[in-house]
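Hi everyone, thanks for coming.

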Amino acid sequence: MLLSWELSKHVWEIVEIRGWLHTVRVVSANLAFLILRDRDGLAQVVFEDANEIKKLEWCLLWTILSAKGTVAEMPKGKFRFELQKASVNVIRKVVYPSPIDISKDEIHADWETLLENKVVALRHPTQMKIFKLAAIIEKNMRAFFDQNWFTQINSPKIIGFPTEWWAEVFEIDYFGRKAYLAQSPQFYKQMMVPVFERVYEIGRAYRAEKSNTSRHLSEILMLDMEMGFIDSFDDIIEMTEKFANFVVKQTWTEAEHLLTALGATKPLLVDQFPRISVDDLHELMLKETGEDYRKEKDLAPSEEKFICEYSAKHWNSDFVIVDWFPWSDAKFYHHQNKENPNIADRADLLFRGVEIVTLTQREVNYQKLVDQIKAQGQNPEHPGLKHYLDSFKYGMPDEWGFGLGITRFIQKLIGLENIKEAELFPRDVQRITP
Ligand code: AMO
């Protein structure tokens, strides 16, 4: 049994392929064209025998079948290789009409209909390409960290204290106790630094996002890394630049056919990403657009969009780093800058209009961390914090790390309008099915 893409290697041989009925067009009693879909793509099968064509009667989309015929090379047409003089074996007939038509180059259905019928929509070749590509991107992310002596970990997703603060956390009833769905593996990846020194995790994170935007989901796929024993903030920036360069270049080498078919354009890439501080960005924004965000602690979405466009135009880079965020907006695990206590040792990596990575140096001094927790009105004795804090008592080196929203990165790399298009079964305020 061959796959559709293998036909080119068997011209004039009799071969068999198997898959799902994608479309069938009966031209006459003695001529029918069937398009069969398998895991790798589509293949055309031509029937010239009335008895074979009869077997296809009442077979609807998704009928499972195998077809045997002679491979021919076609000088023109959509399919360069096809099966001719074919016979068919109907393995499992489908008699329910498909809820959406996926036989065309594009799915013509509104967003809700598409999401509601995801089970079928995912079988469309464009959808298949998106998620094939997502798998390749994720594999390349792993490859980078594996090559740089990181150990992969898996941390719990039901936890005792919200890692990224109380806003946007899902509280759950855990056998009568209060628990939370992990917003990130933050505490756990830090606790693993004294064990492996360099760790990474690719896993689910949960954010109770009430806003229905094109860049937020309630369940996301995140890449988290954490490393000890580096000398400065610039070292983690350099690691992030190398990481992004590696993943983009490797993905383009490996999957250019998928990226091209999806209409993706290769990012503008430089070895060292342009950097701008939050304050300078506020000033630049004011100067260029008249919008004043100088009193804001974080970046406004319009500023993220602006600086990405500015960077592409003036600095030839689709990636841009914004650094020196105000200390007043820091999380308790962030490190306060030594020279300037008004800023945190934090930077965000922006890509094509959105923040995709937050990276920070961590506070590793046990007493200072306890004080920072108290300063934010929290109790360091909380059982959900105790074990995290313990790890700083017993030999924690200076350490840094980042969290990257994989789904957002895939969205922007392919150029998808909505983040939901980059998730198989997206979760948002309305949707917990399919
Ligand atoms: P942060 O909260 O900034 O940092 O999250 C890191 C990255 O995750 C992505 N992201 C989201 N993507 C889609 N929908 C959402 N609701 C959503 N929320 C976050 C973004 C963001 O840049 N613990 C820190 C990281 C660290 O310091 O290591 C953290 O979680 O791309």
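Predicted model: local features only at pLDDT ≥ 70, side-chain atom pairs only at ≥ 80, totals over all residues.

Residues are numbered from 1 along each chain as its sequence is written, and side-chain values use heavy atoms, with hydrogens and water left out.

Helices (H or I, at least four residues) and strands (E, at least two) are DSSP runs, numbered from the N terminus. Two strands pair if DSSP finds at least two bridges between them. β7 and β9, residues 177-181, are antiparallel, with two bridges. They belong to an open sheet of three strands in the order β7-β9-β8. Its edge strands, each pairing on one side only, are β7 (158-159) and β8 (171-174).

Now to strand β11, residues 219-228. How many of its residues are buried? Ten of its ten, where buried means under 20% relative accessible area, exposed over 50% and partly exposed in between, with a 1.4 Å probe and protein chains only. In a regular strand, side chains alternate between the two faces of the sheet. Here, Glu219, Leu221, Leu223, Met225 and Met227 point one way, while Ile220, Met222, Asp224, Glu226 and Gly228 point the other.

β11 has antiparallel partners, among them β10 (residues 198-206), joined to β11 by nine bridges. In that pairing, Tyr200 sits opposite Met225. Another partner is β16 (residues 399-405), with seven bridges to β11, and there Leu223 faces Leu404.

Let's stay in β11 for Asp224. Asp224 is buried, at a relative accessible area of 2%. Which side chain does the side chain of Asp224 make a polar contact with? That of Lys189, at 2.6 Å. A polar contact is a pair of N or O atoms within 3.5 Å; within protein, one must be able to donate a hydrogen and the other to accept it, and residues adjacent in sequence count only if both atoms are side-chain atoms. Setting aside neighbours within four places in sequence, Asp224 also has contacts (heavy atoms within 4.5 Å) that include Pro185, Val199, Phe402 and Gly403.

Asp318 lies in the loop between α9 (301-314) and β13 (319-326), and is buried at 11% relative accessible area. Its side chain makes a polar contact with the side chain of Arg352, at 3.4 Å. Not counting residues up to four places away in sequence, Asp318 touches residues including Pro267, Leu268 and Ala312.

On to the helices. α10 (residues 366-375) and α11 (residues 383-393) pack at about 150°, their axes 9 Å apart; axes are lines fitted to C-alpha atoms, for helices over the stretch in contact, and angles run from 0 to 180 degrees between N-to-C directions. The two helices are therefore roughly antiparallel, the term for angles over 145 degrees. Tyr366, Leu369, Val370 and Ile373 of α10 meet Leu385, Tyr388, Leu389, Phe392 and Lys393 of α11.

Finally, α12, residues 406-414: nine of its nine residues are buried, so the helix is largely enclosed by the rest of the structure. Among them are Arg408, Gln411 and Lys412. After α12 comes Gly415, with a positive phi near 90°.

Note on methods. Parallel < 35°, antiparallel > 145°, perpendicular 65-115°, else oblique.
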